[in-house]
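Hi,

Here is the structure I promised to pass on to you. Please have a look at it first, and then read my notes below.

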Amino acid sequence: MSEKKQERVGVYVCHCGSNIAGTVDVVDLANWAAEKLKHQGVVIAREYKFMCSSPGQELIEKDIKELGLTRVVVAACSPHLHEKTFRTAAKKAGLNPYLVELASIREQVSWVHTDKAVATEKSKAVVSGAVSRVIENVPLEEIKVPINPNTLVVGGGIAGIQAALEIANAGFHVYLVEREPSIGGHMAQFDKTFPTLDCAACILTPRMVEAGTHPNITLLTWSDVVNVAGYVGNFSVTIKKKARFVKEELCTGCGICQEKCPKKVIDEVHEAGLGYRKAVYTPFAQAVPNFPVMDKENCTYFIKGTCKACEKFCPTGAIDFKQEDQLINVDVGNIILATGYDLFDARRVSNYGYGRLPNVFTSLEFERLSNAAGPTNGDIVLRDGKTTPKSVGIIHCVGSRDKNFNNYCSVICCMQGLKFAHLVHERTGATVYNFYIDMRTAYKAYDEFYQRVLEEGTLFVRGKVAEVTNAARNDREKGKLVIQVEDTLAGKQRRIPVDMVILSSGLQPRHDAREVGKMFGISCSTDGWFTEKHPKLDPVATMTEGVFIVGCAQGPKDIPSSVAQGAAASARVLDKILQREVTLEPIKASVDQEMCSGCRICNGLCPFNAITFLEDRMVTEINPALCQGCGTCVAACPAGAISGTGFSDEQIMAQIDGLLFRNLEPVEA
Amino acid sequence: MNKYLLYPGCSMESSAKAYLESLNAILGPLDLHLDEIEDWNCCGATEYLGINLIPAYSLIARNLALATKQMNGTRTVVTPCSACYLNLAKADYYMQERPALGAKVNEALSAGGLEYKPGTLDVRHLLDVLVYDVGLDAIKRKVTRPLNGLKIVPYMGCMLPRPDYQHRWSDHEHPTELGDLLRALGADVIDYPLTTSCCGGHMTQIAPETAFELIRRLVVDAYDRGAHLMAAVCPMCQLNIDAYQNETNHYFHSHYHMPILFFTQLMGLAFGKEPGELGIGVELVSSRNALAHIGVEVPITQEPTVRKKDEGLPMPRRLLSNHKHEKEAVK
């Protein structure tokens, strides 16, 4: 290492109350740094109870000014927490904020050790590393980019609708993209909503209509996002608008085409496979927009080349068999993902017999069964379409809290099971059993609803159901579905014969969540839900600036929480829009194109799509605006052609030397 | 030519002779060649693993070690018995998952100059090989006497699909393989919800009442669904339902008559073989009436057995666990 001008370093050791001081001898640490690292340029080392407090920050500011410090090391918590605090303090005192380093002696030392002597030694190494490193730091300038005020919302369920409306009402434009023919999402399939038993359609459809007619919302249904480029403030998004074969400008939504279409198809989406639709259809009466789509796979004309009944009867000539998919490019500044969930496939729990035993239903099937707009007009009947069940068993935690399937709790199933119990009881008078592992009725007015269902006479059996079978052991069980369960409160095995079984299936990440996540540059948890920036303090932001996640895409949740997240994300977006420009961290990777061999190893590694390969010159380039400074490519580059500002080889090597105490003055023999 | 190593298991030479006979009868038509592992020994059945792990696993692994010597182009060991299948698969799996166990087992094997490296062999059940290697289409092509009109419940038993270490089966609770195969033979396959329920295993020896109840459930449900007969893939299942049906009837004062045959016997029939070649007729619950539905006449091969009078001296009274005093007196 070349000799440089001697830097003047200040070291500040934080007690963090007893968080650090309880395990690390902070006084010894500060004295040690002042003495042993003096030759490195440490001119002052102090310890203080709370460095992040105003007096603590002022201490640093004062020293910068009075002692002429050129580098600062704060030995405290993880940089995730207070790096910004101390950098801001340095900036106030006239020092470039990137000349401040945090030595994490809380998360990496005091919280993970118990032996004070050892912990103190380790904290000395960490501080020593930080001092050696900070000397190699170079001043950096923040990057500012203007923000496009438009926003993209992906997914038109209740969370996406809420987010879109909040932003549109604030006066900014929103592109709302929905994969299905209509917005509304899962909520549009429900009959009632817990715990107040509001009619789902009655509270949802006004929002749908508002979103559909809002001057600030461009609604793109039957559309998929196919490409995302750019970075916070300046995303460029390609949307595929699938051919509807219906001219939207001419269609009045009269519904004659659906009436005349001779082709009946099982509706796997809106009716959850329990009802039918036509080949040309709007999924439900209140659909927004209300012009239909044509299902090319099932349309007789597309299969056989004849029919065109819809075209013949359409009064406005809106049917257009020649329509093609359209690619639309939009520029937006922020993106909100509200892509929702898939229902757990109950066939996987083969011992519950779904798909094999006709009268075993999933939760979504039951929603349609009990919905007045559903296939039975709201009559709760067995799969024969006419028999009213006299006894119904509702099984909780199907596919959830089960290490064979999903470990997590799906949050909504308990309340959903209670709602079903109430509806069955109210409409059929049947005996209802709920089989639960634990009853989870947190949140406002939920447990009161549980009490109400209890009082209505629903029977509760605590235990995980072993199987649902039609193998009768006695006459009482003949012709019934027998639920075999260990009643853990009574401490015995029970066999309960019922007419109908409803599986309260859990929620799962969308089957394509990982690909979608990759397209938008965000990651998924091991379970497959999108990962938020911080589980408690930043639940709707992601590690990718300008991309937000709301509703069930982030994890299982009920309607109130989804709506709250939709609103929360829109507030975050509006905050960004109103700032007009966004400040980007200058921690970036860059390629020395002289050294780049064009091996392309780094190309596929970037989680933020910041790397492009220049075919003509056979070298790789990094877009500084997209780069989040994660360092993956820096580590991967076999030629050492990529370096990261803030993470240069010099800095890393110096830090390692420091950690190993190679920077200490040799003791004279 | 499809070549495999065969681990027959003890039952095939005694209580399940009919299984072995019928298996041999169908090998030709299916162009299957099974090379029996030389000097194989008992797998320990269901009991030994519950008593002492290391000797039990060593006993099983000895067979795997012997098999590796005979590999000669194939690494698949096929066994027609579910208990043997489970034990062999279990030893292979746990020797890998728990290296300490694997080391100890190999230490024991080394005394006999043997060694087994887990993962060397593929342990598979006969049904698995027939359905997935030979294939249902190939089987269908060999059918000359379709089992049309014969109502069969496919009974797979509990040890075959669980635990499914190598993910070989379509499902753990309701696997479809046996039903699919019988359907390929032309049979009327009845959906049998108890297809993977327990037959009682060795409970017939330890706690007969428990076994009788389990057997009763299986037989009653097959009967209620209108089955003419049951199809088995395991010597233990077949033995329990066949040999203990009479006692079960006696215990419950019932009169069920539900024959159970090995699926290989049914395959043999479908391939046009005669009952005599397939060990049909030796079962205790006769399949005569059932097989009449497909026009097969089962010759009466043996006279109804008359229990021989005991000619020896009487045995001491059986020791019952609840007679504590007696037990202590014996000690």
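Chain A contains 17 helices and 34 strands. Please keep in mind throughout that this is a predicted model. Along the principal axes, the C-alpha atoms of chain A fill a box of roughly 95 × 65 × 45 Å. The chain has 669 residues, and 47% of them count as buried. Among the contacts in chain A with a separation of 6 or more, 69% are between residues 24 or more positions apart.

**The parallel sheet**

One sheet of chain A is worth a look in your viewer. It is an open sheet of four strands with parallel pairing, in the order 2-1-3-4. Which strands stand at its edges? They are strand 2 (42–48) and strand 4 (100–104) of chain A; each has a single partner strand, so one side of each has no neighbour in the sheet. From one strand to the next, the twist averages 15°.

Helix 2 (residues 54–67) of chain A packs on this sheet and touches strand 1 (9–14), strand 2 and strand 3 of chain A. The direction of helix 2 makes about 165° with that of strand 2 of chain A. Helix 5 (residues 116–136) of chain A lies across strand 1, strand 2, strand 3 and strand 4 of chain A, and runs at about 155° to strand 3 of chain A.

As for the pairing itself, strand 3 (residues 71–76) of chain A and strand 4 of chain A run parallel and are joined by five bridges. Ala75(A), for one, has Ala103(A) in strand 4 of chain A as its bridge partner.

**Helix 12 and its surroundings**

Helix 12 (residues 413–428) of chain A has 16 residues. From its first C-alpha to its last it reaches 22 Å, close to the 22 Å expected at 1.5 Å a residue. Is this helix mostly covered or mostly exposed? Helix 12 of chain A is mostly covered, with 12 of its 16 residues buried. Among the buried ones are Cys413(A), Met415(A), Leu418(A), Phe420(A) and Leu423(A), and also Lys419(A) and His422(A).

What do the buried residues of helix 12 of chain A pack against? The list is strand 8 (192–193), helix 11 (363–370), strand 21 (391–398), strand 22 (431–436), helix 13 (446–455) and strand 27 (500–505) of chain A. Just after helix 12 of chain A, Gly429(A) takes a positive phi of about 70°.

Asp447(A) is found in helix 13 of chain A. Asp447(A) and Met415(A) are 32 residues apart in sequence, while their C-alpha atoms are 9.0 Å apart in space. Asp447(A) counts as partly exposed because 15 other C-beta atoms lie within 10 Å.

**Backbone points to check**

Most residues other than glycine have a negative phi, and most peptide bonds are trans. Here are the exceptions I noted.

- Asn377(A) is not a glycine, yet has a positive phi of about 55°. Asn377(A) is found in the loop between helix 11 and strand 21 of chain A, and counts as exposed because it has 9 C-beta neighbours inside 10 Å.
- Ala445(A), also not a glycine, has a positive phi of about 65°. The loop that holds Ala445(A) is between strand 22 and helix 13 of chain A, and Ala445(A) is exposed, with 11 other C-beta atoms within 10 Å.
- The peptide bond from Phe194(A) to Pro195(A) is cis, with omega near -5°. Pro195(A) is found in the loop between strand 8 and strand 9 (198–199) of chain A.
- In chain B, a cis peptide bond joins Arg162(B) and Pro163(B), with omega about -15°. Pro163(B) is found in the loop between strand 5 (151–155) and helix 6 (177–184) of chain B.

**Between the chains**

Seven residues of chain B are in contact with seven residues of chain A. On the side of chain B that touches chain A, two residues are nonpolar, one is polar and four are charged.

Best wishes

Definitions and conventions: Residues numbered from 1 in each chain as written. Chains lettered and ligands numbered in written order. Predicted model: local features only at pLDDT ≥ 70, side-chain atom pairs only at ≥ 80, totals over all residues. Pairing = 2+ DSSP bridges. Helix = DSSP H or I, 4+ residues; strand = E, 2+ residues; numbered from the N terminus. Axes fitted to C-alpha atoms, helices over the stretch in contact; angles between N-to-C directions. Contact = placed C-beta atoms within 7 Å. Nonpolar A, V, L, I, M, F, W, Y, C, P; charged D, E, K, R; others polar. Expected span 1.5 Å × (residues − 1). Buried ≥ 20, exposed ≤ 12 C-beta atoms within 10 Å, placed from the backbone.
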